[in-house]
Amino acid sequence: MNEHLGTYEIVADSKNRLKLPLKFREHLPSELLVAGLPLGFLIVCDPDLRWEALREVPDQEGELLRLDAFGRLPMSQNLLALANLDDGQKGWAMWFSDRVEIWEKIRWENYFEESVRPFRVGINPQFPIFI
């Protein structure tokens with residue numbers, strides 16, 4: 001899999017669907033594991049690659065979902081709320097080598113400032129692409 005396919009702005013529509021960028025969809029299976037993690041972000045990945053590892057994470061919530069014909073993931077209200085992406089909040093969809101992480105923008109910026117910035121030079125939290 002490609003190491004980094006980019007970072008894209010993402011927002012849930014009125015029917016709680018998130019549209020994944022075409023670049024991401026080309027590298028993902030049609031059935032996806034979407035897990036909400038305690039830090040307050042979502043992981044979207046191939047269930048065969050991550051299911052066992054995610055089962056070990058305490059307090060995570062996960063669902064198997066299928067992309068619709070337009071590349072949208074029908075999300076539960078619980079997962080959107082966990083990631084603070086309900087009520088039209090904008091987020092980032094970021095590709096990593098084996099998963100997509102979806103973060104609400106302000107939560108990512110706070111996490112970045114507290115946890116990432118001290119260790120990663122060259123990442124801009126306003127547009128989190130690794131340079």
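Predicted model: local features only at pLDDT ≥ 70, side-chain atom pairs only at ≥ 80, totals over all residues.

1. A residue is called buried here when its relative accessible area is under 20%. In other words, 5 of the 5 residues of β4 are buried.

2. The setting of β4 is an open sheet of 6 strands with antiparallel pairing, in the order β1-β7-β8-β4-β3-β5. Strands β1 (7-11) and β5 (61-66) stand at the edges with a single partner strand each, so one side of each is left without a neighbour in the sheet. On average, and with direction ignored, neighbouring strands of this sheet are turned by 25° against each other.

3. On one flank, β4 pairs with β3 in the antiparallel sense over 5 bridges, and F41 in β4 is the bridge partner of L37. The two strands form a hairpin with 3 residues between them, and G40 in the turn has a positive phi of about 95°. Strand β3 (residues 31-37) also pairs with β5, again in the antiparallel sense, over 6 bridges, with V34 standing opposite E63 in β5.

4. The pairing of β4 with β8 is likewise antiparallel and runs over 3 bridges, one feature of it being that V44 has V100 in β8 as its bridge partner. V100 is buried, with a relative accessible area of 0%. Although V100 and V34 are 66 residues apart along the chain, their C-alpha atoms are separated by 9.4 Å.

5. Which residues touch the most other members of the largest nonpolar core? Of its 23 residues, these are L18, L20, V44, L73, M75, V100 and I102. At least two residues of this core are supplied by each of β3, β4 (41-45), α3 (77-82), β7 (90-96) and β8 (99-104). Apart from this core lies another, of 11 residues, among them L33, M94, W108 and F112.

6. As general background, nonpolar side chains tend to be buried together in soluble globular proteins.

Conventions: Residues numbered from 1 in each chain as written. Heavy atoms only, no water. Pairing = 2+ DSSP bridges. Helix = DSSP H or I, 4+ residues; strand = E, 2+ residues; numbered from the N terminus. Axes fitted to C-alpha atoms, helices over the stretch in contact; angles between N-to-C directions. Core = buried A, V, L, I, M, F, W, Y, C linked by side-chain atoms within 4.5 Å. Buried < 20%, exposed > 50% of the residue type's maximum accessible area, 1.4 Å probe, protein only.
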